[in-house]
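Dear colleague,

Please find below the structure that I am handing over to you. My notes on it follow directly after.

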Amino acid sequence: MQRFLKILVISAPLVLAGCSSLKVTPATEHATSGEVCITPDMSGRKVAYQCTIKALQNKGFTVREVSQAECRDCRVVLHCQTTSRWDLANFTSDINYEWIEDGQTIAKAKYHAKNGLNFNKYINTQEKVNSLLNQMLPNTPALPSRYDN
């Protein structure tokens, strides 16, 4: 019994901490300022999508929502796809960005929070979006986030 308790005490923090993954390919050049076309998020719950629009505006961009077909008319496009899940409460499980200028992908970001006993999945979505955009577009004004390095 004591051995079981020792194993439980040692492994509990590892199980409860869980993990989330983050992969960012930042823009190596200054992102073009001005208008950014953003393609609609197909998720049912658009919290991260709305946070993305707000963050881009706070970075000084003018945001125009366009369909996939209409983005051919845009010089700068942000493809944004997010997923929300429910586990005791709603949480943003995935955020995927692709920043395209003149038809070329210049930056990407991908965040994924694992389900299960992962309490790190309950994030402040606006601050996570701010952090992703700060890392993805390092030469733009920084937005506040507790998730920045």
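**Salt bridges**

Glu35 is partly exposed, its relative accessible area being 38% (buried means under 20%, exposed over 50%, and partly exposed in between, with a 1.4 Å probe and protein chains only). Arg64 is likewise partly exposed, at 33% relative accessibility. This is a predicted model, in which local features need pLDDT of at least 70 and side-chain atom pairs count only at pLDDT 80 or more, while totals for chains, interfaces and linings use all residues. Residues are numbered from 1 along each chain as its sequence is written, and side-chain values use heavy atoms, with hydrogens and water left out.

Glu35 and Arg64 form a salt bridge, with 3.2 Å between their closest N and O atoms (the term requires a side-chain nitrogen of Lys or Arg within 4 Å of a carboxyl oxygen of Asp or Glu). Because Glu35 belongs to strand 2 (residues 35-39) and Arg64 to strand 3 (residues 62-65), the pair ties together parts that are 29 residues apart in sequence. Helices (H or I, at least four residues) and strands (E, at least two) are DSSP runs, numbered from the N terminus.

Three salt bridges are counted by this rule. Another is formed by the side chains of Arg75 and Asp102, at 2.9 Å from N to O. It links distant parts of the chain, 27 residues apart: Arg75 is in the loop between strand 3 and strand 4 (76-86), and Asp102 in the loop between strand 5 (90-101) and strand 6 (104-113). Arg75 is partly exposed, with a relative accessible area of 47%. Arg146 and Glu127 also meet through their side chains in a salt bridge, again given as 2.9 Å from N to O. Here Glu127 lies in helix 3 and Arg146 in the segment after helix 3, 19 residues apart. Arg146 is exposed, at 56% relative accessible area.

**Overall architecture**

The protein contains three helices and six strands, in the order α-β-β-α-β-β-β-β-α along the sequence. Of its 149 residues, 39% are buried. Among contacts (heavy atoms within 4.5 Å) between residues at least 6 apart in sequence, 63% join residues at least 24 apart. The protein exposes about 8,700 Å², of which carbon and sulfur atoms supply 55%; accessible areas come from the Shrake-Rupley method with a 1.4 Å probe, and for residues only the protein chains shown count as cover.

**Strand 2 and the cores**

Strand 2 is largely enclosed by the rest of the structure, because four of its five residues are buried. It pairs with strand 3 in the parallel sense over four bridges (pairing needs at least two DSSP bridges between the strands), and Ile38 stands opposite Glu65 in strand 3.

Which residues touch the most other members of the largest nonpolar core? Among its 29 residues, they are Ile38, Leu56, Leu78, Tyr97, Trp99, Val129 and Met136. Strand 2, helix 2, strand 4, strand 5, strand 6 and helix 3 each supply at least two residues of this core, and helix 2 gives the most, with six residues. Another core, of six residues, lies apart from it and includes Val66, Cys71, Cys74 and Ile100. A nonpolar core is a set of buried Ala, Val, Leu, Ile, Met, Phe, Trp, Tyr and Cys residues joined through side-chain atoms within 4.5 Å.

Gly60 follows helix 2 and has a positive phi, near 100°.

Helix 3 (residues 125-136) also has 12 residues and reaches 16 Å, close to the 16 Å expected. It is mostly covered, with 10 of its 12 residues buried, among them Val129, Asn130, Leu133 and Met136.

Leu143 is found in the segment after helix 3 and is buried, at 9% relative accessible area. Its C-alpha atom is 5.6 Å from that of Asn130, 13 residues away along the chain. Apart from neighbours within four places in sequence, Leu143 is in contact with Ala55, Asn58, Lys59, Asn130, Asn134 and Asp148.

Yours sincerely

Technical notes: The expected span of a helix is 1.5 Å times one less than its number of residues.
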